Amino acid sequence: MAIDRVISGNKRNEAEESFALSMRPQSISELIGQENVREKLSIAITAAKQRGEPLEHILFYGPPGLGKTTLAHIVANEMGTNLRCSSGPALVKQGDVMGLLTNIGEGDVLFIDEVHRLSTAVEEFIYPAMEDFKVDFTVDSGMHAKTINFPLKRFTLVGATTRAGLLSAPLRSRFGMLYHLEYYNEKQLTQILQRSAGLLDLKCDDGTLELIAARSRGTPRIANRLLKRVRDYAQVKGSGGLSGEIVDNALKMERIDILGLDELDRSFLRSLAEVYDGGPAGIEALAATLGEEKDTLEDVVEPYLLQIGFVRRTKRGREITQAGSKHLGLKVKTLKDRTDRSLFDK
Ligand code: ADP
């Protein structure tokens with residue numbers, strides 16, 4: 001059973017999405033962090049606008065919740081054009097893409113989330129669209145099959161993926177700009193929370209937002225989500241304002257620890273430590289042990305545990321580090337313990 005996590009980086013329901021929408025920065029100047037991307041993107045946008053041309057195709061990649069969709073909105077806003085959104089799994093047949101592409105206006109932005117999940121047929125269909133702004137659409141089949149050449153308006157495709165490595169080389173090479181989004185530091189997350197708390201009209205004691213930022217796993221979506229949980233708690237159990245005690249109690253109730261790890265993160269570490277004796281263990285084996293989707297572990301759980309040095313990836317699989325074992329309060333196994341145990345196993 002997949003656990004519905006308060007700190008999952010994944011998008012959830014519609015209410016969540018409309019909340020995200022209202023929290024989204026609308027322009028590059030409102031965007032916090034990602035300096036590297038911001039500067040390059042800002043130059044590319046200004047240059048394209050000066051030349052009166054659409055922007056080149058862009059690929060944003062990085063873990064969920066770091067701002068890929070937000071950046072697509074910002075690109076369209078800054079270019080003064082419309083944004084159309086779709087996603088890899090939603091575009092199955094050529095016809096699905098055809099509808100999108102033929103309705104696109106000059107300079108518009110087409111955002112495709114999870115672009116690594118496009119089918120091969122759709123991917124091949126969009127190559128000429130990306131390169132020459134035309135598509136070859138096949139109507140009928142067999143003897144009557146005809147290929148019709150459709151010219152398109154010049155548009156910008158913005159792709160987002162959590163796994164740039166799964167993108168085929170021909171698709172990847174058709175993006176003119178590739179930007180990797182990084183985890184945010186606590187200072188940047190605090191700024192994001194200050195902005196969100198302002199939009200939500202929340203009263204906060206000094207230092208409370210820093211406490212939430214420290215438990216947000218470097219991810220704005222998680223920061224905003226935790227802020228919402230704490231706001232609910234403050235409204236029901238307190239007087240509405242945020243204090244250190246309210247934050248601590250609310251997050252304790254969500255079983256989020258001081259590093260922002262939740263039950264699933266801890267189960268991941270505990271399985272590695274106890275079921276697999278510290279590792280190495282393959283991701284499929286871990287997914288089976290935890291009853292979780294392999295993709296969730298790879299996209300959401302593992303990247304942060306790797307980032308904070310609690311897990312390492314080796315050729316033979318995942319291993320827990322000393323820091324990871326320590327965080328769980330487990331005794332760090334020495335090589336000798338392990339050798340003794342394997343002798344015992346025999
Ligand atoms: P992704 O597409 O990478 O999964 P989103 O763009 O949907 O992530 O961002 C998730 C949430 O985080 C949104 O609510 C957005 O408002 C917020 N967010 C992301 N990046 C930033 C940022 N740089 N500054 C402020 N808020 C951000």
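Me: Where does Asp 277 sit?
Reply: In this predicted model, Asp 277 is in the loop between α11 and α12.

Me: And what's up with its phi?
Reply: Asp 277 has a positive phi of about 55°, although it is not a glycine.

Me: Is Asp 277 buried or exposed?
Reply: Buried. The cut-off for that is under 20% relative accessible area, and Asp 277 counts as buried because its relative accessibility is 16%.

Me: Which peptide bond is cis, and what's its omega?
Reply: The bond that joins Gly 279 and Pro 280 is cis, and its omega is about 5°. Pro 280 is in the loop between α11 (263–275) and α12 (283–290).

Me: What about Arg 255, what is its phi near?
Reply: Phi of Arg 255 is near 60°, which is a positive value in a residue other than glycine. You'll find Arg 255 in the loop between α10 (244–253) and α11.

Me: Buried or exposed, that Arg 255?
Reply: Exposed. The cut-off is over 50%, and Arg 255 makes it because its relative accessibility is 52%.

Me: OK, new topic: the ligand. How many residues surround it?
Reply: There are 19 residues around the ligand, and the closest are Arg 24, Ile 32, Gly 65, Thr 69 and Thr 70.

Me: How do those shell residues divide by type?
Reply: The shell around the ligand has 10 nonpolar, 5 polar and 4 charged residues.

Me: Which helices each supply at least two residues of the shell?
Reply: α1 (14–23), α3 (68–79) and α9 (220–237) each do that.

Me: Why does the ligand count as lying between two domains?
Reply: Because domain 1 (34–180) and domain 2 (186–253) both give residues to the shell around the ligand.

Me: Which polar side-chain atom lies 2.8 Å from a ligand oxygen?
Reply: That one belongs to Arg 221, and it lies 2.8 Å from an oxygen atom of the ligand. For Gly 67, a polar backbone atom is 3.0 Å from an oxygen atom of the ligand.

Me: How much of the ligand does the protein bury?
Reply: Taken alone, the ligand exposes 560 Å², and the protein buries 98% of that.

Me: Switching to strands. What does β1 pair with?
Reply: One partner is strand β6 (residues 156–161), in the parallel sense over 4 bridges. In that pairing, Leu 59 stands opposite Gly 159 in β6. β1 also pairs with strand β7 (residues 177–180), in the parallel sense over 4 bridges. There, the bridge partner of Ile 58 in β7 is Met 177.

Me: Where's His 57 in all this?
Reply: His 57 is in the loop between α2 (35–51) and β1 (58–61). His 57 counts as buried because its relative accessibility is 7%.

Me: Which backbone oxygen lies 2.8 Å from the His 57 side chain?
Reply: The one of Met 130, which lies 2.8 Å from a polar atom of the side chain of His 57.

Me: How do β4 and β5 run, and how many bridges join them?
Reply: They run antiparallel, and 6 bridges join strand β4 (residues 134–139) to β5. Among the facing residues, Lys 134 stands opposite Pro 151 in β5.

Me: What do β4 and β5 form together?
Reply: A hairpin, with 6 residues between the two strands. In the turn, Asp 140 has a positive phi of about 60°.

Me: Why does β5 lie largely in the open?
Reply: Because 0 of the 6 residues of strand β5 (residues 146–151) are buried. Take Asn 149, which lies in strand β5: it counts as partly exposed because its relative accessibility is 45%.

Me: How far apart are Asn 149 and Thr 138?
Reply: They're 11 residues apart in sequence and 8.8 Å apart in space, C-alpha to C-alpha.

Me: Last one: where is Glu 106?
Reply: Glu 106 is in the loop between α4 (94–102) and β3 (109–113). Glu 106 is partly exposed, with a relative accessible area of 43%. Glu 106 and Leu 152 are 46 residues apart in sequence and 8.6 Å apart in space, C-alpha to C-alpha.

Note on methods: Residues are numbered from 1 along each chain as its sequence is written. This is a predicted model: local features need pLDDT of at least 70, side-chain atom pairs count only at pLDDT 80 or more; totals for chains, interfaces and linings use all residues. Side-chain values use heavy atoms; hydrogens and water are left out. A residue is near a molecule or strand if one of its heavy atoms lies within 4 Å of it. A polar contact is a pair of N or O atoms within 3.5 Å; within protein, one must be able to donate a hydrogen and the other to accept it, and residues adjacent in sequence count only if both atoms are side-chain atoms. Accessible areas come from the Shrake-Rupley method with a 1.4 Å probe; for residues, only the protein chains shown count as cover. Ala, Val, Leu, Ile, Met, Phe, Trp, Tyr, Cys and Pro count as nonpolar, Asp, Glu, Lys and Arg as charged, and the others, Gly among them, as polar. Domain bounds come from an automatic or database domain assignment. Buried means under 20% relative accessible area, exposed over 50%, partly exposed in between (1.4 Å probe, protein chains only). Two strands pair if DSSP finds at least two bridges between them.
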